[in-house]
Amino acid sequence: MAVAEKQFQNYVDGKWTDAASGDTFESLVPATGEALGSFPRSAAADVDRAVEAAKAAFEEWRLVPAPERGNVLFRFARLLEEQKDELTELMSREMGKVLAEAGGDVQEAIDMSVYMAGEGRRLFGQTTPSELRDKFQMSVRMPVGVVGAITPWNFPIAIPAWKLAPALVCGNTVVLKPAEDTPLLAKRFIELLGESGLPDGVVNLVQGYGEEAGDRLVRHPDVPIITFTGSRETGVLVTKNAADHLKHVHLELGGKNGIIVMDDADLDLAVEGIVWSAFGTSGQRCTAASRVIVHEAVYGELQKRLVARAEKMKIGPGWDPETDLGPVINQESLDKIHSYTGIGSGEGAKLLTGGEVASDGELGKGFYYRPTIFADVDPQMRIAQEEIFGPTTALIPVKSFDDAVRVTNGIRYGLSTAIFTADVNKAFRAMRDLQSGITYINAGTTGAEVHLPFGGTKDTGNGHREAGQAALDVFTEWKSIYVDYSGKLQRAQIDNVEQPAP
Ligand code: NAD
């Protein structure tokens, strides 16, 4: 596919602008290695300008009634809907996803915008009776200020929406630093948000590298909230670097998600769920099933069926409707994924299929990896412990349900888990005992919807959740308000308590 070389800009205070230095970087098409365009390689000065604009805009935006702020998001959702086909096609080029999944990514942004638009007419607080007469009290959610949003490339439209829609409806302003691998999608996202009727400065886009633009945003004294989705390693750095200003830090980090397949499972269904969760988005989902914990009674049969399915997958560019498995994001990722094949084999796991770069014909121009399945994996091996972020999954045999739960929990991450079983008792025990923010019963590890909390336990984050009502806690602070209409001094904890006799 021929792609024109174009130059794109940052969006600051309602205007498109270059980086002060004039430096740029390129975004590549992972299916072909071609350049899609060049983008400002922003530095501290560019971030500072964006933060200044967002800080000034906050003073007005926080006073816009929340239902009106919600109306902007309704308009945004409509624009996303109108542009869904264009964004889907663009995503298959810039990020590499197959069309169905790219469409799902855009749909998630539409859903989140609609959900949060409605929040403009809720944003519920609480009222509660006072312990004193003629006194009223309530708690209300208050916007916080400038939100620094830092996003990864694997859900390039959905994740910015998950952060910006709640941040905006709550009355905050935003500076977005998107991933350097998907800057064009971020540019389209912000462009449409601007067209939805946001005042200048309410949303700003600063393109560039994490260690430069991202780092400045994290350390900027006028950015009280950092919402970050990315790897655990970067999340730790972000937390440390934000600490000097005691920022609210919201982290959505990596996963090493496990699917349990019990001896009573519907194996056809389990195979469908595993293939979708392990190889969808070429394994580059935080919720990807990179471990399959299988009861020994069905271990042999499941291996056979999974290998047959994996070997039938058609590898190719995401925009080809025939493609089952698109490319991975870049050369560095391809090298990392392949290095784990060497690590797994070296550790003594049995490579059942895949394990190599796919480079026949046109594939040689892009970054493709064959769907890879290891069997006889010990739970402590590195391929069973570390996030690979590619189309590689590890089959781990177990003898019992208790074993399966222990192995599934035996990792540092806690994002998503799943179990295939026909036994309702085991299903309920799994819901209770699996240590993860999300658990699926008789489905794979992916498939979140926008109105439930999304996020993980343990090293997947720091206890916050994205999406649903939980997102509001990230982007607001509670204020408790007391109104005394008695016309006299009433002292809580004193005047309403019977005093002891003198
Ligand atoms: P990454 O950590 O390399 O980068 C994420 C973002 O952080 C990018 O925008 C990057 O430029 C920026 N960044 C890098 N260094 C920085 C620094 N020092 N200071 C500030 N910002 C910095 O992650 P990635 O490769 O883009 O994404 C893949 C990772 O994201 C995987 O670990 C995946 O599991 C995780 N992820 C998690 C979720 C979730 O919701 N839990 C969702 C999607 C992806």
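What follows goes from salt bridges to a surface patch and then to the cysteines.

A word on ground rules: this is a predicted model, where local features need pLDDT of at least 70, side-chain atom pairs count only at pLDDT 80 or more, and totals for chains, interfaces and linings use all residues. Residues are numbered from 1 along each chain as its sequence is written, and side-chain values use heavy atoms, with hydrogens and water left out.

Side chains of opposite charge can pair when their charged atoms come close. Here the structure has 30 salt bridges (a side-chain nitrogen of Lys or Arg within 4 Å of a carboxyl oxygen of Asp or Glu). Start with E466 and K163, whose closest N and O atoms are 2.7 Å apart. E466 sits in the loop between β20 (457-458) and α15 (470-475), while K163 belongs to helix α5 (residues 158-169), so this pair ties together parts 303 residues apart in sequence. Helices here are DSSP runs of H or I with at least four residues, strands are E runs of at least two, and both are numbered from the N terminus. Is this pair buried or exposed? E466 is buried at 4% relative accessibility, and K163 is buried at 0%. For these labels, buried means under 20% relative accessible area, exposed over 50%, and partly exposed in between (1.4 Å probe, protein chains only).

Now look at D268 and R305, which meet in a salt bridge at 2.5 Å, N to O. D268 is in helix α9 (residues 267-279) and R305 in helix α10 (residues 296-312), 37 residues apart, and the pair links distant parts of the chain. D268 is exposed at 52%, whereas R305 is partly exposed at 28%.

Salt bridges can share partners too: E86, K187, R188 and E191 are joined that way into one network.

Find E81 in helix α2 (residues 66-82); with 47% relative accessibility, E81 counts as partly exposed.

Finally, the cysteines. How many disulfides does the structure hold? Zero, taking a disulfide as a pair of cysteine sulfur atoms within 2.5 Å. C170 is buried at 3% relative accessible area, and C286 is buried at 17%.
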